[in-house]
Amino acid sequence: MNQTSTGIGSNIYVNLPIQDVAVARSFWTAVGVRISEDYSDENALALSFSPHVTVMLLTRDFYATFLNGKPVADTQAANSAIIALDAVAQENVDPFVEAALAAGATEVPPSDPNPAQEMVDAGLMYGRTFTDPDGHQWEILWMSSEMPSG
C-alpha cells in the first residue's frame, strides 16, 4: 500500500518537550522560524516551518500530561530522534544552520565514517546538524532531485 492511498501523512505535527517557552521563543525567532501565535501560550510554542510541517514545543510538565505516567526523556543526556527538515536548495542549508548557531545551537559534526558520504561526494546531498538549547537534534538537509531510485 502506498502512502497516499492511506489518506495519512499530508501534514506532520511533531511534539517535543522543552524547559522554557520564552527561551525557545527567543531561539527560534532568532533562527527565523515563524511562530503560530494561535497555538502558542505559556505551555506551548507552535513552530510553523511550512503549511505542512508544525512542531509543537511543550513545557516538560505539559508534555508529561500526554504520556500516561511515562517519564519525559532527558534530551540533554540522551537522543531518541533526529528531526530532519528538507531545504529547498543547497544554498538554504548554511544560512539556516548559521542562524541557529548564532542563536545558541551547538553544531553536531558528521559521523565518522559518514554513512551518507558517497552521496555527499557525488553532489547529491548536503546537510548540517545541530542541537537546539533543549538538546533536540535537527538536521537541515538538501537532496538532489536526481537521487538514485534504488
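**Pockets and sheets of the predicted chain**

The second largest pocket is lined by Phe 49, Ser 50, Val 53, Leu 85, Asp 86, Ala 87, Val 88, Asn 92, Phe 96 and Ile 140. Pockets were located on a 1 Å grid over the protein atoms alone, as open sets of points where a 1.4 Å probe fits, with protein on both sides within 12 Å along at least five of seven lines; lining residues have an atom within 4 Å of a point. The model is predicted, and local features need pLDDT of at least 70, side-chain atom pairs count only at pLDDT 80 or more, and totals for chains, interfaces and linings use all residues. Residues are numbered from 1 along each chain as its sequence is written, and side-chain values use heavy atoms, with hydrogens and water left out.

The volume of the second largest pocket is about 270 Å³, a volume being the space filled by probe spheres set on the grid points, which are joined across faces, edges and corners. Its lining comprises 7 nonpolar residues, 2 polar and 1 charged; Ala, Val, Leu, Ile, Met, Phe, Trp, Tyr, Cys and Pro count as nonpolar, Asp, Glu, Lys and Arg as charged, and the others, Gly among them, as polar. At least two lining residues come from each of β3 and β5.

The protein chain contains 4 helices and 8 strands, taken as DSSP runs numbered from the N terminus (helices H or I, at least four residues; strands E, at least two). Their order from the N terminus is β-α-β-β-β-α-β-α-β-α-β-β. The C-alpha trace spans about 45 × 40 × 30 Å along its principal axes. The unreviewed UniProt entry places the feature "domain: VOC" at residues 10-143; UniProt positions are given in the numbering used here, feature names are shortened, and annotations may be inferred rather than shown by experiment. The end C-alpha atoms of this span lie 20 Å apart, and the span is 23% helix and 34% strand.

The pairing of β2 with β3 (residues 44-50) is antiparallel over 2 bridges, and Ile 35 stands opposite Leu 47 in β3.

β5 pairs with β8 (residues 137-143) in the parallel sense over 5 bridges, and Ala 84 stands opposite Glu 139 in β8.

The largest pocket has a volume of about 380 Å³. Of its 18 lining residues, Pro 110, Asn 114, Gly 127, Thr 129 and Glu 139 lie nearest the centre. Two or more lining residues are given by each of β6, α4 (117-121), β7 and β8, with β7 giving the most, 5 residues. The lining has 9 nonpolar, 6 polar and 3 charged residues.

Methods: Pairing = 2+ DSSP bridges.
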